[in-house]
Amino acid sequence: MALRLLINGSKGRMGQTLISSAKDLGLIVAAAVDVGDDLAAGFNAADVAVDFSSHHATRAVLEQAIAQKKPVVIGTTGHSAETKRELLALAAKVPCVWAGNYSVGVNLLYALTRRAASVLDASYDAEVIEMHHRFKKDAPSGTAARLLEIILEERKLTADALRHGREGITGERTPTEVGIHSLRGGDVVGDHTVLFAALGERLELTHKASDRGIFARGALRAARWVADKPAGVYDMQDVLGLK
Ligand code: NAD
C-alpha cells in the first residue's frame, strides 16, 4: 500500500515542493498542515510525518509523533544548539530522520569529503568555499559548517583551526588551518566546493544545487526508509547506506 504522508509547513516553499514531488513518486499526501491546522488529526491520517516548517513547531511535531507512535522526518533548521539537544532526546523515542540537508548529492559529498580528508594528509591544504543567493542571512551555510566539521574530525583538529576568509598580512598558510569562504550573490540555490591543495596537485569536490526539488526528493526517500525502522535518530548517511 502506498505510504500516507503528513506534510507540516504545507503552504511553504518546501511544503509545496514536497506535495508535488510526493505525487510524482506515487506517495499519498494524506494531510497537509500549516499554521492553525489540526496537527493531531494530520498525524492520525498518516503513516509518516514530514516537517519543513518552523523551528518553533518542532517540539509539537515530536510530541504528536510520540503520542501517536509515528515515524517522522525533520527537515526544519534554525534550532539553537541547546534546543536541538533537547529535541533530539524527544526524537529518539520514535523512528526519526533528522538532517540539515536532504540532498542525496550533498550527503554523498559529505562521505567523499570524509574519505578524501582521511586519505590526503596535512600536506594537502583543505579549504571550503560556498556560494548562496543574495537573500541568505547567515554564513557560512549549515552545509559548509558540516563539511568543515567532517574535515576537523578526520584531521583531529578543533574549531580553532577555522579561518573565516583572509585579509591583510596573514603570513604563510599553516598546515593545520582550514579556510572557509562565503560568497553571496544573485539567485544561487547553493554551491559547495571542498578543495584539497598540495604542491603539485589539487582535488576539488563540488556540488551545485539548482532546484529545491532535490531536498524534497531526499526527504521523501527518508520517509519511505524510516517507515519500518525501530525508534532512534537517523540521518541521511543512514538512509543512503553511507555509514
Ligand atoms: P517557508 O517560510 O517558505 O515555509 C514555512 C511554512 O511553515 C509556512 O507555510 C509557514 O506558515 C509554516 N509554519 C510556520 N510555523 C508553523 C507551525 N507552527 N506549524 C505548521 N506550519 C508552520 O520556508 P521553507 O523555505 O519552505 O523552509 C522551511 C524549513 O525547512 C526552514 O527551516 C528551512 O531552513 C528548512 N529547509 C531544510 C532543508 C533541508 O534539506 N533540511 C532544505 C530546505 C529548507
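Tutor: Strand E1 (residues 4-8) pairs with strand E3 (residues 48-51) in the parallel sense, over 4 bridges. Within this pair, Ile7 stands opposite Val50 in E3. Please note that this is a predicted model, in which local features need pLDDT of at least 70 and side-chain atom pairs count only at pLDDT 80 or more, while totals for chains, interfaces and linings use all residues. Residues are numbered from 1 along each chain as its sequence is written, and side-chain values use heavy atoms, leaving out hydrogens and water.

Student: What do strands and pairing mean here?

Tutor: Strands of a sheet pair through backbone hydrogen bonds, either parallel or antiparallel. Strands (E, at least two residues) and helices (H or I, at least four residues) are DSSP runs, numbered from the N terminus. Two strands pair if DSSP finds at least two bridges between them.

Student: In what order do the 6 strands of the open sheet stand?

Tutor: The order is E2-E1-E3-E4-E5-E11, with parallel pairing. Strand E2 (28-33) and strand E11 (232-234) each have a single partner strand, so one side of each is left without a neighbour in the sheet. On average, neighbouring strands are turned by 20° against each other, direction ignored.

Student: Which strands does helix H1 touch?

Tutor: Helix H1 (residues 13-24) packs on the sheet and touches E1, E2 and E3, contact meaning heavy atoms within 4.5 Å. The direction of H1 makes about 165° with that of E1; axes are lines fitted to C-alpha atoms, for helices over the stretch in contact, and angles run from 0 to 180 degrees between N-to-C directions. Helix H4 (residues 81-91) lies across strand E5 (95-98) and E11, at about 145° to E5.

Student: How is the chain divided into domains?

Tutor: Domain 1 covers 4-102 + 212-239 and domain 2 covers 104-209, with bounds from an automatic or database domain assignment. Their centres, taken over C-alpha atoms, are 29 Å apart.

Student: How much area do domain 1 and domain 2 bury between them?

Tutor: The size of an interface is often given as the accessible area lost when the parts come together. Here the two domains bury about 640 Å², 51% of it on carbon and sulfur atoms; this is the accessible area (1.4 Å probe) that both parts lose, summed over both. In domain 1, Asn101, Ile214 and Gln237 lose the most area to domain 2, together 62% of what that side buries.
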